[in-house]
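Please open the model in the viewer and keep a selection tool at hand.

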Amino acid sequence: MASVPAVLNSEWTKIRTVSSTTWTLICAFAVTVAMSAALCALLNATFDDLSEAEQATFDPTLVSFSGTVLGQLAMVVFGVLVVGTEYSSGMIRTSLAAVPQRGTLLFSKITVAGVLALVVGLLTSFVSFFLGQALLGDRGTDLGADNVLRAVVGAGLYMGLIAIFSMGVTAMLRSSMLSLGILVPFFFLISQILIAVPYAKDVARYFPDQAGSKIMQVVPEAMGSDPSPYGPWAGLGIMVAWVVAAVLGGYLVLKNRDA
Amino acid sequence: MIELEGLTKRFGSKVAVDHLTCQVRPGMVTGFLGPNGAGKSTTMRMMLDLDNPTSGTVRIDGKHYHELQEPLKYIGALLDAKSMHGGRSAYNNLLCLAQSNRIPSSRVDEVLDTVGLSGVAKKKSKGFSLGMGQRLGIASALLGDPEILMFDEPVNGLDPEGIHWIRNLMKALAAEGRTIFVSSHLMSEMALTADHLIVIGQGRLLADTSMADFIHENSRSYVRLRSPQQERLRDVLHQEGFTAVEADGGTLEIDGATTEELGELAARHQVVLHELSSQRASLEEAFMQMTAGSVEYHAHSGPGGAEPPPTVGAGWGEGWQQPGGTAAPGTTAPGTTTPGSVDGTENKGA
């Protein structure tokens, strides 16, 4: 059997020796932090224009993660490319000839890429949080307040889990283009639209991104949002279930299909 | 030693490989020959566990591929030139493979040097030409210093110098006692490199024989005669018990006779000859005859039937023999005369 540390080492070399890793992760960090900071500054300046309900449930922690909606797309691209380029380049055959234990290969790749995405996600969430609170001034909060640390760590986990979910989906679809064509519109449009539509939202709130993002809220029903049937940790649990299903699906496809 | 036993692969209702049973032995180059679509690449992918066989097994030194510890140290394979990540440098592409099988990174420099890519080791592989990609693929096959090497159509797209290099490399590796398994659809190429031959057509085994036997059995030699007095020549040949077959351009072909016999015969009967030459059918022709019934994709000309296989021997087949390559016996293309037989020199007038 292939030695797992050796395969992890090899997967780490694969990730650090392509430029797409660097630019997608920098993008995820920069877009999230910049957009969150801009929205914090904007809301601070226009606070009095917010509706009464929004003012009452103002959640400074959640506001400092507003950029995640856009920044998560870079995480999707990172996850898709990590797995998808094996197929588009034909490298998958060379990789499987070197490591014929397909589970070892896929799980090593997802472990290395997933840990990297989680680290970058956590870095992004902490920077985004502190910068956002600085811009919110008096309306801001701090890490010591109730549930705030949970939300900040959760925002980082959310970013990492989005990347791992994308890796699983790409392993199932075996194509970067197809995966991007499905995941990007799904997270950026479909999920965002359906969550605002009556009745559809009852389903959409169980989508991985909608359920997972609940962890970023400190104030229940933050910013005048609907009450949710699950709490922050249960929401993250729903997202983890999606991620596990995607990765398992990817493993079954890789295990059974001809390369 | 690689053993294939009843190896079968079906894609839907189409049988790509049909109960293939054969062995690839160490210490020699085994040629794996078949027309396009015969199932060569599918067979090779099944040997590496990339495709799952519908039935049958492949054993490498008695083990399944996925049971091998660090398989690159047992078996190295070149499947197709573009199986590396283009955005990664040649060195890094090989480094990830080396690390997965715990091969020291110093070995990466060694194999890059062996294939002559040291100068471009840090360049991204997407800028590589087909020939450089092929060399990079061969470097990856050599990485674990394996006892068994598999090359799928290694000379495709290579220039004469590259073809010569690969041919010598395979021979050198076989001489070190390694098992070399190389596929090709070019008989002429195999005749120069392979010691043993496995021929398949439509996934079925057509021949499993040594190269020497194949040449001996399949290179028909005959004498070609051309004469302005063709009718008289035929009568004379008939009287003397030779069977003459009329061929293109009014020539006669006689099996089982020597130029000496026929020249002297013509002189005795005072028949004018314009051509007297000994000919040998090429192995390419023998190969095409063998696989004629099983060619997957025929080119059609005009309404109806398939075009007969074209005469090979022209085209690039000649060019690559020049840089140092020595033609093996029996590869002479039809239409070329062997040295010693000269046109019309044995004409003897009345």
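This is a predicted model: local features need pLDDT of at least 70, side-chain atom pairs count only at pLDDT 80 or more; totals for chains, interfaces and linings use all residues.

Salt bridges in chain A

Across all chains, the model holds 19 salt bridges. Begin by selecting A:Glu11 and A:Lys14, whose side chains form a salt bridge with an N to O distance of 3.1 Å. The two residues are three apart in helix α1 (residues 4-16) of chain A, so about one helical turn separates them.

Salt bridges in chain B

Move to B:Glu153 and B:Lys40, which are joined by a salt bridge of 3.7 Å, N to O. B:Glu153 sits in the loop between β6 and α5 (160-175), whereas B:Lys40 belongs to helix α1 (residues 40-47), 113 residues away. B:Glu153 is buried at 14% relative accessibility, and B:Lys40 is buried at 5%.

Then select B:Arg226 and B:Glu275, a salt bridge of 3.2 Å, N to O. Because B:Arg226 is in strand β10 (residues 221-226) and B:Glu275 in strand β13 (residues 275-280), the pair ties together parts 49 residues apart in sequence. B:Arg226 is partly exposed at 30%, while B:Glu275 is buried at 8%.

Positive phi angles

Finish with A:Asn147, in the loop between α7 (102-136) and α8 (148-173) of chain A. A:Asn147 is not a glycine, yet its phi is positive, about 65°. In chain B, select B:Asp145, in the loop between α4 (130-142) and β6 (148-152); its phi is about 50°.

How values were computed: Residues are numbered from 1 along each chain as its sequence is written. Chains are lettered from A and ligands numbered from 1 in the order in which they are written. Side-chain values use heavy atoms; hydrogens and water are left out. Helices (H or I, at least four residues) and strands (E, at least two) are DSSP runs, numbered from the N terminus. A salt bridge is a side-chain nitrogen of Lys or Arg within 4 Å of a carboxyl oxygen of Asp or Glu. Buried means under 20% relative accessible area, exposed over 50%, partly exposed in between (1.4 Å probe, protein chains only).
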